[in-house]
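Here are my notes on this model, point by point. Please read them with the structure open.

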Amino acid sequence: MNSKNKSPIPWAQPDFWGLEEQFLVEALHSTWISGGAFVGRFERDVAAFSGLPFAISASNGTTAIHLAYLGLGLRPGDEVIVPGFCYLAAANITLQMGAKPVFAEVDPDTFCVTAGAIEAVLTRRTRLVVVVHTYGNVCEMGEIMSLARSKGVPVLEDAAESFASTYMGRQSGAISGLGTYSFQATKTITTGEGGMVVTDDDALAKKLALYRSHGVSGRRYWHELPGHNFRLTNLQAALGCAQLERLDSIVRERKRIHRTYTAALKGIAGIRLQVFRSEVDPVLWTLALELDPAAYPQGRDRVIEQLAVEGIETRNGFYAASQLSIYPDCVSLPNCERLANNVISLPTFPSLSDQQIDYVCSRLAALRA
Ligand SMILES: Cc1ncc(COP(=O)(O)O)c(C=O)c1O
(Lines give C-alpha, C1' and ligand atoms only; values in the text may rest on other atoms or scores of the structure.)
Protein backbone atom coordinates (compact mmCIF):
# COMPACT_ATOMS: atom_id res chain seq x y z
CA MET A 1 0.00 0.00 0.00
CA ASN A 2 1.19 3.48 -0.66
CA SER A 3 -0.24 6.98 -0.54
CA LYS A 4 -0.90 7.04 -4.32
CA ASN A 5 -3.93 4.76 -4.12
CA LYS A 6 -5.31 6.12 -0.86
CA SER A 7 -7.09 9.32 -0.01
CA PRO A 8 -5.30 11.40 2.62
CA ILE A 9 -6.13 10.61 6.23
CA PRO A 10 -6.95 13.79 8.16
CA TRP A 11 -5.93 14.22 11.79
CA ALA A 12 -9.52 14.88 12.83
CA GLN A 13 -12.90 14.99 11.21
CA PRO A 14 -16.31 15.61 12.77
CA ASP A 15 -18.93 12.97 11.94
CA PHE A 16 -22.63 13.77 11.73
CA TRP A 17 -24.46 10.43 11.68
CA GLY A 18 -27.46 11.38 13.77
CA LEU A 19 -30.12 14.08 13.99
CA GLU A 20 -27.69 16.97 13.49
CA GLU A 21 -29.22 18.12 10.19
CA GLN A 22 -32.79 17.76 11.45
CA PHE A 23 -32.15 19.72 14.66
CA LEU A 24 -30.21 22.39 12.78
CA VAL A 25 -33.06 22.89 10.29
CA GLU A 26 -35.53 22.94 13.21
CA ALA A 27 -33.52 25.71 14.85
CA LEU A 28 -33.33 27.59 11.56
CA HIS A 29 -37.06 27.31 10.92
CA SER A 30 -37.81 28.51 14.44
CA THR A 31 -36.03 31.77 13.44
CA TRP A 32 -34.38 31.68 16.88
CA ILE A 33 -30.80 31.65 15.68
CA SER A 34 -29.11 33.51 18.55
CA GLY A 35 -30.72 32.28 21.77
CA GLY A 36 -33.42 29.59 21.60
CA ALA A 37 -34.83 26.41 23.02
CA PHE A 38 -31.89 24.20 22.04
CA VAL A 39 -29.53 26.23 24.26
CA GLY A 40 -31.43 25.42 27.45
CA ARG A 41 -31.91 21.83 26.32
CA PHE A 42 -28.19 21.38 25.61
CA GLU A 43 -27.33 22.83 29.03
CA ARG A 44 -29.74 20.46 30.77
CA ASP A 45 -28.41 17.51 28.76
CA VAL A 46 -24.77 18.29 29.57
CA ALA A 47 -25.57 18.85 33.25
CA ALA A 48 -27.34 15.47 33.38
CA PHE A 49 -24.44 13.81 31.55
CA SER A 50 -21.85 15.31 33.90
CA GLY A 51 -23.74 14.50 37.07
CA LEU A 52 -23.49 18.11 38.29
CA PRO A 53 -26.63 20.24 38.73
CA PHE A 54 -25.60 23.30 36.69
CA ALA A 55 -24.25 23.72 33.16
CA ILE A 56 -23.69 27.17 31.65
CA SER A 57 -23.01 27.22 27.92
CA ALA A 58 -20.38 29.49 26.40
CA SER A 59 -19.18 30.45 22.94
CA ASN A 60 -16.15 28.15 23.19
CA GLY A 61 -13.93 26.29 25.63
CA THR A 62 -11.71 29.32 26.15
CA THR A 63 -14.57 31.64 27.10
CA ALA A 64 -15.88 28.88 29.38
CA ILE A 65 -12.56 29.08 31.28
CA HIS A 66 -12.70 32.88 31.22
CA LEU A 67 -16.24 32.75 32.66
CA ALA A 68 -15.11 30.43 35.45
CA TYR A 69 -12.28 32.83 36.33
CA LEU A 70 -14.68 35.79 36.38
CA GLY A 71 -17.17 33.86 38.49
CA LEU A 72 -14.46 32.90 40.98
CA GLY A 73 -13.43 36.56 41.22
CA LEU A 74 -9.84 36.06 40.06
CA ARG A 75 -7.90 39.29 40.68
CA PRO A 76 -4.74 40.78 39.13
CA GLY A 77 -1.71 39.36 40.92
CA ASP A 78 -3.45 36.11 41.95
CA GLU A 79 -1.45 33.00 41.19
CA VAL A 80 -3.07 30.27 39.10
CA ILE A 81 -1.32 26.91 38.86
CA VAL A 82 -1.53 25.38 35.40
CA PRO A 83 0.32 22.46 33.76
CA GLY A 84 3.41 23.36 31.74
CA PHE A 85 2.54 20.89 28.97
CA CYS A 86 -1.03 21.16 27.68
CA TYR A 87 -3.14 23.31 25.40
CA LEU A 88 -2.38 26.58 27.17
CA ALA A 89 -5.83 28.24 27.08
CA ALA A 90 -6.06 28.45 30.88
CA ALA A 91 -2.60 30.03 31.12
CA ASN A 92 -3.45 32.56 28.42
CA ILE A 93 -6.67 33.64 30.12
CA THR A 94 -4.76 33.92 33.39
CA LEU A 95 -2.46 36.45 31.68
CA GLN A 96 -5.44 38.20 30.06
CA MET A 97 -6.87 38.82 33.51
CA GLY A 98 -3.63 40.24 34.87
CA ALA A 99 -3.13 37.21 37.09
CA LYS A 100 0.03 35.10 37.19
CA PRO A 101 0.27 31.63 35.66
CA VAL A 102 2.53 29.37 37.72
CA PHE A 103 3.49 26.28 35.77
CA ALA A 104 3.64 22.78 37.23
CA GLU A 105 5.55 19.80 35.80
CA VAL A 106 3.65 16.92 34.23
CA ASP A 107 4.11 13.20 34.62
CA PRO A 108 6.20 11.87 31.71
CA ASP A 109 3.98 8.77 31.36
CA THR A 110 0.44 10.17 31.69
CA PHE A 111 1.36 13.61 30.17
CA CYS A 112 -0.80 15.10 32.98
CA VAL A 113 -0.10 17.27 36.01
CA THR A 114 0.21 15.50 39.38
CA ALA A 115 -0.59 16.39 42.99
CA GLY A 116 3.13 16.34 43.79
CA ALA A 117 3.93 18.80 41.01
CA ILE A 118 1.13 21.11 42.10
CA GLU A 119 2.27 21.00 45.73
CA ALA A 120 5.79 21.94 44.65
CA VAL A 121 4.59 25.29 43.28
CA LEU A 122 1.74 26.12 45.70
CA THR A 123 2.21 29.38 47.62
CA ARG A 124 0.14 31.63 49.89
CA ARG A 125 -0.88 33.53 46.76
CA THR A 126 -2.27 30.48 44.92
CA ARG A 127 -5.88 31.37 44.19
CA LEU A 128 -6.78 28.52 41.84
CA VAL A 129 -5.43 25.25 40.49
CA VAL A 130 -6.33 24.36 36.91
CA VAL A 131 -5.82 20.74 35.94
CA VAL A 132 -5.92 19.81 32.26
CA HIS A 133 -6.99 16.29 31.26
CA THR A 134 -4.67 16.10 28.29
CA TYR A 135 -5.51 14.10 25.15
CA GLY A 136 -8.43 12.40 26.95
CA ASN A 137 -6.49 11.16 29.98
CA VAL A 138 -7.71 12.24 33.43
CA CYS A 139 -5.34 13.65 36.06
CA GLU A 140 -4.94 11.86 39.42
CA MET A 141 -7.99 13.62 40.84
CA GLY A 142 -8.08 11.70 44.16
CA GLU A 143 -4.64 12.97 45.17
CA ILE A 144 -5.19 16.44 43.67
CA MET A 145 -8.51 16.99 45.47
CA SER A 146 -7.04 15.83 48.82
CA LEU A 147 -4.23 18.35 48.42
CA ALA A 148 -6.51 21.18 47.27
CA ARG A 149 -8.98 20.62 50.10
CA SER A 150 -6.19 20.60 52.68
CA LYS A 151 -4.98 23.96 51.31
CA GLY A 152 -8.45 25.44 50.75
CA VAL A 153 -7.77 26.15 47.06
CA PRO A 154 -10.45 25.55 44.38
CA VAL A 155 -9.71 23.29 41.41
CA LEU A 156 -10.96 23.92 37.90
CA GLU A 157 -10.87 20.91 35.58
CA ASP A 158 -10.20 21.85 31.97
CA ALA A 159 -11.88 18.85 30.36
CA ALA A 160 -11.85 20.23 26.82
CA GLU A 161 -10.00 17.12 25.61
CA SER A 162 -11.58 14.53 27.90
CA PHE A 163 -15.33 14.74 27.33
CA ALA A 164 -16.79 11.35 28.41
CA SER A 165 -13.53 10.11 29.97
CA THR A 166 -14.15 9.00 33.53
CA TYR A 167 -12.12 8.73 36.73
CA MET A 168 -13.35 6.14 39.23
CA GLY A 169 -16.67 6.21 37.42
CA ARG A 170 -17.09 10.00 37.55
CA GLN A 171 -17.16 12.21 34.49
CA SER A 172 -14.02 14.24 33.92
CA GLY A 173 -14.85 17.91 34.39
CA ALA A 174 -17.29 17.08 37.17
CA ILE A 175 -14.98 15.72 39.85
CA SER A 176 -13.80 18.93 41.53
CA GLY A 177 -17.22 20.61 41.33
CA LEU A 178 -16.10 23.03 38.61
CA GLY A 179 -15.12 22.08 35.07
CA THR A 180 -15.13 23.25 31.48
CA TYR A 181 -15.66 21.53 28.13
CA SER A 182 -14.91 22.55 24.55
CA PHE A 183 -17.06 21.59 21.56
CA GLN A 184 -14.67 22.79 18.85
CA ALA A 185 -14.76 20.78 15.61
CA THR A 186 -12.09 18.22 16.55
CA LYS A 187 -13.52 17.46 19.99
CA THR A 188 -15.41 14.34 21.08
CA ILE A 189 -18.74 16.08 20.60
CA THR A 190 -18.84 19.26 18.58
CA THR A 191 -20.94 22.33 17.92
CA GLY A 192 -18.39 23.92 15.56
CA GLU A 193 -17.28 26.34 18.26
CA GLY A 194 -18.78 26.03 21.70
CA GLY A 195 -18.10 25.39 25.35
CA MET A 196 -19.68 24.73 28.72
CA VAL A 197 -18.96 25.26 32.40
CA VAL A 198 -20.36 22.68 34.81
CA THR A 199 -20.59 23.30 38.54
CA ASP A 200 -22.24 22.14 41.73
CA ASP A 201 -22.43 25.69 43.08
CA ASP A 202 -25.77 27.42 42.60
CA ALA A 203 -24.51 30.94 43.41
CA LEU A 204 -21.52 30.53 41.09
CA ALA A 205 -23.77 29.26 38.29
CA LYS A 206 -25.92 32.39 38.56
CA LYS A 207 -22.84 34.60 38.45
CA LEU A 208 -21.49 32.77 35.38
CA ALA A 209 -24.79 33.30 33.56
CA LEU A 210 -24.56 37.00 34.35
CA TYR A 211 -20.95 37.38 33.19
CA ARG A 212 -21.82 35.49 30.00
CA SER A 213 -24.42 38.05 29.04
CA HIS A 214 -23.27 41.56 30.00
CA GLY A 215 -24.47 41.20 33.57
CA VAL A 216 -28.10 41.28 32.46
CA SER A 217 -30.64 38.78 33.77
CA GLY A 218 -34.36 39.56 34.12
CA ARG A 219 -34.47 43.30 33.59
CA ARG A 220 -33.60 44.32 30.02
CA TYR A 221 -30.53 46.59 29.63
CA TRP A 222 -29.96 46.54 33.41
CA HIS A 223 -26.28 45.63 33.94
CA GLU A 224 -25.71 44.07 37.35
CA LEU A 225 -22.02 43.61 36.59
CA PRO A 226 -19.68 44.36 33.67
CA GLY A 227 -19.94 41.15 31.69
CA HIS A 228 -19.18 39.84 28.22
CA ASN A 229 -21.10 38.30 25.37
CA PHE A 230 -19.90 34.70 25.65
CA ARG A 231 -23.17 33.15 24.48
CA LEU A 232 -23.60 29.95 22.46
CA THR A 233 -26.10 30.21 19.59
CA ASN A 234 -29.24 28.11 19.17
CA LEU A 235 -27.80 26.71 15.92
CA GLN A 236 -24.70 25.49 17.72
CA ALA A 237 -26.74 24.08 20.59
CA ALA A 238 -28.95 22.20 18.09
CA LEU A 239 -25.82 20.42 16.83
CA GLY A 240 -24.75 19.73 20.40
CA CYS A 241 -28.09 18.15 21.34
CA ALA A 242 -27.90 15.84 18.33
CA GLN A 243 -24.28 14.89 19.08
CA LEU A 244 -25.11 14.10 22.70
CA GLU A 245 -28.02 11.88 21.63
CA ARG A 246 -25.58 9.53 19.95
CA LEU A 247 -22.71 9.90 22.37
CA ASP A 248 -22.71 6.14 22.96
CA SER A 249 -21.76 5.41 19.36
CA ILE A 250 -19.12 8.16 19.32
CA VAL A 251 -17.56 6.76 22.50
CA ARG A 252 -17.71 3.20 21.14
CA GLU A 253 -15.81 4.22 18.00
CA ARG A 254 -13.20 6.27 19.87
CA LYS A 255 -12.60 3.30 22.18
CA ARG A 256 -12.23 0.99 19.18
CA ILE A 257 -9.69 3.36 17.70
CA HIS A 258 -7.75 3.46 20.97
CA ARG A 259 -7.72 -0.36 21.18
CA THR A 260 -6.65 -0.78 17.56
CA TYR A 261 -3.81 1.75 17.85
CA THR A 262 -2.64 0.22 21.13
CA ALA A 263 -2.55 -3.29 19.69
CA ALA A 264 -0.67 -2.10 16.60
CA LEU A 265 1.88 0.10 18.39
CA LYS A 266 2.44 -1.57 21.74
CA GLY A 267 5.43 -3.71 20.95
CA ILE A 268 7.23 -1.28 18.66
CA ALA A 269 10.58 -0.17 20.03
CA GLY A 270 11.04 3.58 19.97
CA ILE A 271 7.36 4.37 20.55
CA ARG A 272 6.07 5.19 24.04
CA LEU A 273 2.29 5.37 24.33
CA GLN A 274 0.52 7.71 26.77
CA VAL A 275 -0.20 5.79 29.99
CA PHE A 276 -3.66 5.64 31.60
CA ARG A 277 -3.94 4.77 35.29
CA SER A 278 -6.37 2.05 36.32
CA GLU A 279 -8.82 4.65 37.75
CA VAL A 280 -9.21 6.19 34.29
CA ASP A 281 -11.57 5.00 31.56
CA PRO A 282 -10.39 7.19 28.71
CA VAL A 283 -12.20 8.44 25.63
CA LEU A 284 -9.35 9.76 23.52
CA TRP A 285 -9.43 13.18 21.91
CA THR A 286 -6.35 12.06 20.01
CA LEU A 287 -3.89 9.17 20.21
CA ALA A 288 -0.64 10.72 21.44
CA LEU A 289 2.71 9.04 21.82
CA GLU A 290 6.33 9.92 22.44
CA LEU A 291 8.98 9.08 19.86
CA ASP A 292 12.37 7.98 21.15
CA PRO A 293 14.96 10.17 19.39
CA ALA A 294 17.30 7.15 19.23
CA ALA A 295 14.77 5.30 17.06
CA TYR A 296 13.77 8.43 15.16
CA PRO A 297 17.03 10.40 14.77
CA GLN A 298 15.42 12.55 12.03
CA GLY A 299 13.33 14.13 14.79
CA ARG A 300 9.60 14.37 15.43
CA ASP A 301 9.01 17.33 13.08
CA ARG A 302 10.65 15.50 10.19
CA VAL A 303 8.51 12.42 10.98
CA ILE A 304 5.42 14.63 10.66
CA GLU A 305 6.64 15.75 7.22
CA GLN A 306 7.42 12.18 6.17
CA LEU A 307 3.96 10.96 7.21
CA ALA A 308 2.37 13.87 5.34
CA VAL A 309 4.05 12.62 2.16
CA GLU A 310 2.36 9.26 2.82
CA GLY A 311 -1.01 11.03 3.05
CA ILE A 312 -1.23 11.00 6.85
CA GLU A 313 -1.89 14.20 8.78
CA THR A 314 -0.44 14.26 12.30
CA ARG A 315 0.27 16.95 14.88
CA ASN A 316 3.16 17.86 17.11
CA GLY A 317 2.68 17.91 20.87
CA PHE A 318 2.06 21.22 22.65
CA TYR A 319 5.00 23.49 23.26
CA ALA A 320 6.05 23.59 26.89
CA ALA A 321 5.26 26.89 28.63
CA SER A 322 8.98 27.22 29.33
CA GLN A 323 9.67 27.31 25.58
CA LEU A 324 7.30 30.22 24.89
CA SER A 325 8.43 33.81 25.30
CA ILE A 326 4.97 34.95 26.43
CA TYR A 327 5.71 33.23 29.77
CA PRO A 328 9.09 34.74 30.67
CA ASP A 329 8.77 33.73 34.35
CA CYS A 330 8.35 30.05 33.60
CA VAL A 331 11.29 28.01 34.87
CA SER A 332 12.67 25.06 32.94
CA LEU A 333 10.34 22.03 33.05
CA PRO A 334 12.30 19.02 31.77
CA ASN A 335 9.36 16.58 31.44
CA CYS A 336 7.22 19.16 29.65
CA GLU A 337 10.07 20.06 27.30
CA ARG A 338 10.83 16.43 26.48
CA LEU A 339 7.19 15.78 25.65
CA ALA A 340 6.99 19.01 23.65
CA ASN A 341 9.95 17.90 21.55
CA ASN A 342 8.95 14.27 21.02
CA VAL A 343 5.16 13.87 21.18
CA ILE A 344 3.24 13.27 18.00
CA SER A 345 -0.52 12.73 17.82
CA LEU A 346 -2.14 10.52 15.21
CA PRO A 347 -5.45 10.70 13.32
CA THR A 348 -8.36 10.04 15.70
CA PHE A 349 -12.01 10.45 14.75
CA PRO A 350 -15.03 8.13 14.88
CA SER A 351 -15.13 7.08 11.23
CA LEU A 352 -11.41 6.28 11.05
CA SER A 353 -11.25 2.62 9.98
CA ASP A 354 -9.07 -0.14 11.44
CA GLN A 355 -7.41 -0.45 8.01
CA GLN A 356 -6.50 3.23 8.06
CA ILE A 357 -5.08 2.82 11.57
CA ASP A 358 -2.98 -0.16 10.43
CA TYR A 359 -1.67 1.92 7.54
CA VAL A 360 -0.75 4.84 9.86
CA CYS A 361 1.01 2.49 12.28
CA SER A 362 2.92 0.63 9.59
CA ARG A 363 4.14 3.88 8.03
CA LEU A 364 5.19 5.24 11.43
CA ALA A 365 7.06 2.02 12.26
CA ALA A 366 8.79 2.07 8.85
CA LEU A 367 10.28 5.49 9.53
CA ARG A 368 12.49 4.18 12.36
CA ALA A 369 16.23 4.15 11.89
C1 LIG B 1 -7.24 21.65 27.04
C2 LIG B 1 -7.95 22.69 26.25
N3 LIG B 1 -8.46 23.75 26.89
C4 LIG B 1 -9.13 24.72 26.24
C5 LIG B 1 -9.30 24.67 24.89
C6 LIG B 1 -9.99 25.79 24.20
O7 LIG B 1 -11.20 25.40 23.66
P8 LIG B 1 -11.79 26.23 22.42
O9 LIG B 1 -10.96 25.93 21.24
O10 LIG B 1 -13.19 25.67 22.32
O11 LIG B 1 -11.78 27.66 22.81
C12 LIG B 1 -8.78 23.60 24.17
C13 LIG B 1 -8.96 23.56 22.73
O14 LIG B 1 -8.73 23.23 21.82
C15 LIG B 1 -8.08 22.58 24.86
O16 LIG B 1 -7.56 21.55 24.19
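1. The crossing of H3 and H4 is right-handed. This is a predicted model. The two axes, those of H3 and of helix H4 (residues 89–96), come within 10 Å and cross at roughly 50°. That angle is why H3 counts as oblique to H4, since the roughly parallel class covers angles under 35 degrees and the roughly perpendicular one runs from 65 to 115.

2. Which residues make this contact? On the H3 side they are Gly61, Thr62, Ile65, His66 and Tyr69, and these meet Ala89, Ala90 and Ile93 in H4. By class, the contact of H3 with H4 has five nonpolar and three polar residues, with no charged ones.

3. H3 (residues 61–72) also packs against helix H7 (residues 202–212): their axes come within 9 Å and cross at roughly 120°. H3 and H7 are therefore oblique to each other, and their crossing is right-handed.

4. In the H3–H7 contact, Leu67, Leu70 and Gly71 of H3 meet Leu204, Lys207, Leu208, Tyr211 and Arg212 of H7. The class count here is five nonpolar, one polar and two charged residues. The contact of H3 with H4, for comparison, has no charged residues.

5. Next, the ligand. Around the ligand there are 13 residues, of which Gly61, Thr62, Tyr87, Ala160 and Ser182 come nearest. Gly61 and Thr62 also belong to the H3 side of the contact with H4. The shell around the ligand divides into five nonpolar, six polar and two charged residues.

6. On the scale of the whole protein, the domain assignment gives domain 1 (3–10 + 248–366) and domain 2 (20–245). The C-alpha centres of domain 1 and domain 2 lie 25 Å apart.

7. How many residues of each domain are in contact with the other? Domain 1 contributes 29 residues and domain 2 contributes 30. On the side of domain 1 that touches domain 2, helix H9 (247–265), strand S11 (280–281) and helix H11 (334–342) each supply at least two residues. The largest share of that side, five residues, comes from H11.

8. What is the make-up of the side of domain 1 that touches domain 2, by class? There are 19 nonpolar, five polar and five charged residues.

Technical notes
Residues numbered from 1 in each chain as written. Predicted model: local features only at pLDDT ≥ 70, side-chain atom pairs only at ≥ 80, totals over all residues. Axes fitted to C-alpha atoms, helices over the stretch in contact; angles between N-to-C directions. Helix = DSSP H or I, 4+ residues; strand = E, 2+ residues; numbered from the N terminus. Parallel < 35°, antiparallel > 145°, perpendicular 65-115°, else oblique. Left-handed = near helix turned anticlockwise from the far one by under 90°. Contact = placed C-beta atoms within 7 Å. Nonpolar A, V, L, I, M, F, W, Y, C, P; charged D, E, K, R; others polar. Near = placed C-beta within 6 Å. Domains from an automatic or database assignment.
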